[in-house]
Amino acid sequence: MNNIKAIWEANKVIASFTIMGLILLFVGMNQSWALALGIFNMSLISAIMALGVNIQWGYAGLFNVGIMGFAALGGVSVVLIAQQPVTEAIDAGGMKMFLSLIIGAVTVITGVLLNRRGVNKWLTAVVVVIGYLITRYYFSEAADLIEKVDPAITGYLGGFGLPIAFSWIVGGLAAAGAAWWIGKITLGLRTDYLAIATLGISEIILYVIKNEDWFVRGLKNVYGLPRPVPYEVDMQQSEWFQNIIAWLHKSELQLLTQSEQIDQLGIYVREAAVVFVKLCYSSLFIAILGAFIILSNLALNSPWGRKVRAIRDNEVAASAMGKNIKRQHLQIFVIGSAIVGVAGALLVTYDGIFIPTAYQPLRFTFLIWVMVILGGSGNNLGSVLGAFIIWFIWIQAGPMGLWVVEMLGNNIQEGGVFLEFIEDRVHYLRLVFMGTILLLIMRFSPGGILPEKNKEL
Amino acid sequence: MSDSIDIINAFALLTNFVILPALSYGSQLALGALAVTLVYSILRFSNFAQGDSMAFGTMLVILISGYMISKGWTITGFPTAILAIPLALVGMSIYLLLMDRLVYRHYRGIKIKQSIVGITASIGVMFITGGIVRFFLGASAQRFGDGERFIFSVREFKAFTGLQQGIALKTSQFLTITLAILLVAFLFYFLQKTKTGKAMRAYSDNKELALLSGIDPDKVVRITWLLVALFTTIAGTLYGLDKGFAPQQYHLLLLPIFASVIVGGIGSPIGAIAGAFLVAFSEIFLTYAYKKFLIYLLPLSMHPNSLVQLIGTEYKYAISFVILIIVLLIKPTGLFKGKVIVDE
C-alpha cells in the first residue's frame, strides 16, 4: 500500500495527465471525436486563463474577481482587429466619434493635470463636468449616426481588417492596460479592495460592450469573424484531403460498390474535415499554452520568481529586505491579466462569433478560480490539469445530471410535474456543485491535486 | 400660471421621481451595507455572498408568502411578504449559522490571513447560495408584492393640492423607510446599551483583549450572524417589493453595497448608512432625465430638446464603482474613519 502511494507521489504529474488523456480518448471513441476535441480545445483555452490567474493568485496571492472582464476585453479586440471596417458608418459618424473621444481624453488629462497642480478642487470639478457634457453631446450624436447605418447587418464601425493573430497580442495589451489602472489604485491598500474593484470593472466592461452598439454591435452580436485555420467546406473540396481520407478508409471502401463508395467517402470527408479543423486549433492552442508554461516556469525559478514568492510568503520580511511590494504586485497583476486577455481573444477566435451575453461571471470568473485551486495554486501544471478536469466536469455534468433525472423519471410514474421542474432547473445545480468543490478543496486539501513544489524557500 | 407654482411643480416632480426613490433605495442599501459591516467588524472579511444572501432571504419570503396567499392567510391591503418575514428570518438564520459552522468556523481556528481566506470562502458560499436560489425560483425576474400599491397615488395628491405634478407614495417605499429607521434604531440601541452589544463592540475593537475579559467568541459570532440574517432578509425583501426580484440583480447589488461600506469607512455602522445614501442619491440624481424639471424652471426660449440626462440608466452600477474609485484615491479610510486601509 505504501509502495503504491510512493509511486503515485513520484509520478503524480504524468499519472494524472495520462488519466485525463485516457478519459478524453474514451469520450472520443464512445461519443464522438468532434466532442472530445471540442472539450480538449476549450480546456486548453481555459488552461491559459487559469495560468494567468495562477500567476496572480498562486505566485503573489492577488485576488482577481474580474477574470470575465479581462477575457471580454480580449474578445472585443478580436472584433476590432479582425473585422473589416464599415466604410459607410465611418463616413457617417466616424469623425464625430473620433472628435468626441478626443475631447473626452483631453478632459480627463486636464482634470488630472489640474488636480496635480493643486488648482482649486471646485474649479477642477467644473472643468471636468463641462468637458464631460461636451463629450457626451457629440458622442451620443455620433453613436446615433453610426448605429443607423444598416443596423441589421452592421450598425457599427467595424474593425481594422488586420490578420486575426494580431488581436491576441492586442487583447493581452488591452487587459494589461485595464489591470494596470485598477492595480495602480487598489494595490497597496487592503486585499479586499482589489477584489471589489476587479468585480466592479468586469461588470462595467460588460455593460459598455452590451450597450454601446456602435462599438462592437452590443447585444446584436458579431458573426463570421475570420479564422486563422482553414474552413471545413474548403477542406472537403480540396483533392489532397479527399485522397488522404480515401487512403485511410481504404479497406472499408473496397467492400462497397462504386456509387456507395462515393457517398461513404463524402460522409467520411465531412467528419474528418471537422476533426481536422479542430486539430488545427488544438495545435495552435498547445503551442501558445506551451510557450506560456515554459516562460512562466522559467520566471518562477529565476531570482525574480524567488522574490515574488518571498513577498507572498512574508510581506514584512521582504519589505525589510528592500523589495518594493506594491510595484511587484502591480507587475504581476498586469502580467496575469494580460494572459487572461490573450485567452479571451483565443476563445472568441475559436468560437468565430462574439456574443456579449455569453460572458457570465460563473462561467468565466468562478470556474477559472475553481480550476486554479483544484489543480494546486502556485503550480502551473496544476492549473492546466485543473482546467482539464473542471471543464470536463462542466461539460459532462449537464448531460449526466439529466441522465440521472431521466433514469429516475423512468422508475417513478407519479410526480411528473416535479421531475419536469428539476429537468428545467438542473443546470443551476452546477453552481452549487462547483461552489462545493471549491470549499471542499480549500478545507481538506488546500494544496490542490498537484501542490506547489518549492513552497518552502 | 405664476412662477412660484412652476417651482413647486418642479420640486414635486423631483420629489416623486428622484428623492423618494433615492430615499427608499438608500435605505435598502444601508441595511445591506450594515450586514457587510457587521461581518467585517466581527469576522474580519468582506462578505462577497451578501448580494446572493439577500436573494436567498427574499426567496424564502417569496415561497412562504406564496403559501400564505394560497391558504388565504392575508391582511387586505397589506403586502403578505412582510407578514412572511418572521418565518423567513428563522430559515435565513439557520442557513447562515449552518454556513458558518460548515465553512467559516474552521478558518477562525487556524492562523491564516483571515481577509483572504474569508473572501475565497465567501465567494464559494456566494455561488452555492446563488445556485440554490436559481434552482428554486429560476433566473428570470418576477414580482411578488400584493396588497395596496400606493399609500396615496399621484391622482389623489393632485386632487388634494391642485398641483400639475403629483407625488405618489408607494407602499413599498413607505415600508422601506419606516422599517429601515426602526432597524437602525434597534441596532444602535443594541450595540450601545445591551451587554451583548457592548461585548460585540469590544470584540471588534480588540479581539485579544475581549477574549481576556471573558467574552465568549462563539456567542459574539452567533449573534452577529443572527443580526446579519435580520438585516439581509429585510433588505432583500424590501428591495424586491420595490423593484421586483431577479437573482442577477441581487448579485450585482454587491457593488453599490461595497461602495457604500467603503465610502462610509469599513467597520463603521454610521459610515455604512451615510455611504449608502450617498451612493443611492448619486445613482438616481445622475441617471434622472431633467428635461421636464427644466421645462418648469426655465423660460420658454431655453427649453431643452434632449433628455438632459447626465448618464444613461444602463450605467447606474458604474456610478457606484466611480464613487468607490474616487474614495480610494482621495480618502481610503472613508468618510467616517474606517478601521484599516492596509492589511493587519
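**Entry 1: a lysine in chain A**

I began with Lys278(A), which is buried, with 20 other C-beta atoms within 10 Å. Buried here means 20 or more other C-beta atoms within 10 Å of a residue's own, exposed means 12 or fewer, and partly exposed lies in between, with C-beta atoms placed from the backbone. This is a predicted model, where local features need pLDDT of at least 70, side-chain atom pairs count only at pLDDT 80 or more, and totals for chains, interfaces and linings use all residues. Residues are numbered from 1 along each chain as its sequence is written, while chains are lettered from A and ligands numbered from 1 in the order in which they are written.

I found Lys278(A) in helix α13 (residues 258-300) of chain A. Helices are DSSP runs of H or I with at least four residues, strands are runs of E with at least two, and both are numbered from the N terminus. I then asked which residues Lys278(A) touches, not counting residues up to four places away in sequence. They are Ala34(A), Leu37(A), Gly38(A) and Asn41(A). A contact needs two C-beta atoms, placed from the backbone, within 7 Å. I also checked C-alpha atoms: Lys278(A) and Ala34(A) are 7.5 Å apart in space, but 244 residues apart in sequence.

**Entry 2: chain A as a whole**

I counted 20 helices and 0 strands in chain A. Its C-alpha trace spans about 85 × 65 × 55 Å along the principal axes. Chain A has 457 residues, and 40% of them count as buried. I looked at contacts with a separation of 6 or more: 82% of them in chain A join residues 24 or more positions apart.

**Entry 3: confidence**

I read the pLDDT next, which is the predictor's confidence in each residue, from 0 to 100. Chain A averages 86, and 97% of its residues score at least 70. Which helix of chain A has the lowest confidence? It is α19 (residues 416-425), at a mean of 72, whereas α16(A) is highest at 94. Where pLDDT is low, the predicted coordinates should not be read in detail.

Chain B averages 87, and 97% of its residues score at least 70. Among its elements, α5 (residues 154-161) of chain B has the lowest mean pLDDT, 80, and α9 (residues 217-243) of chain B has the highest, 94. For the complex, the predictor gives an ipTM of 0.87 and a pTM of 0.88.

**Entry 4: two partners of α16(A)**

Two packed helices are described by the angle between their axes and the distance between the axes. The axes are lines fitted to C-alpha atoms, for helices over the stretch in contact, and angles run from 0 to 180 degrees between N-to-C directions.

I took α3 (residues 33-60) of chain A with α16(A) to start. They pack at about 170°, with axes 8 Å apart. The two helices are therefore roughly antiparallel. Angles over 145 degrees count that way, under 35 as roughly parallel, 65 to 115 as roughly perpendicular and the rest as oblique. The contact of α3(A) with α16(A) has 18 nonpolar, 6 polar and no charged residues. Nonpolar covers Ala, Val, Leu, Ile, Met, Phe, Trp, Tyr, Cys and Pro; charged covers Asp, Glu, Lys and Arg; the others, Gly among them, are polar.

I turned to α14 (residues 303-313) of chain A. This helix packs with α16 (residues 325-351) of chain A at about 115°, with axes 11 Å apart. That makes α14(A) roughly perpendicular to α16(A). The contact uses Lys307(A), Val308(A) and Ile311(A) from α14(A), and Ile325(A), Gln328(A) and Ile332(A) from α16(A). By class, that contact has 4 nonpolar, 1 polar and 1 charged residues.

**Entry 5: positive phi**

Most residues other than glycine have a negative phi, and most peptide bonds are trans. I noted Arg217(A), not a glycine, with a positive phi of about 70°. Arg217(A) sits in the loop between α9 (213-216) and α10 (232-237) of chain A. Is Arg217(A) buried or exposed? Arg217(A) is buried, with 24 other C-beta atoms within 10 Å.

Asn221(A) has a positive phi too, near 65°. Asn221(A) also lies in the loop between α9 and α10 of chain A. Asn221(A) is partly exposed, with 14 other C-beta atoms within 10 Å.

**Entry 6: where the chains meet**

I listed 31 residues from chain A and 35 residues from chain B in the contact. On the side of chain A that touches chain B, α7 (164-186), α8 (191-211), α17 (361-375) and α20 (429-444) each supply at least two residues. α8(A) gives the most, with 11 residues. By class, this side of chain A has 19 nonpolar, 7 polar and 5 charged residues.

Leaving aside neighbours within four places in sequence, Met442(A) is in contact with Ile373(A), Thr120(B) and Ala121(B). Met442(A) is partly exposed, with 18 other C-beta atoms within 10 Å.
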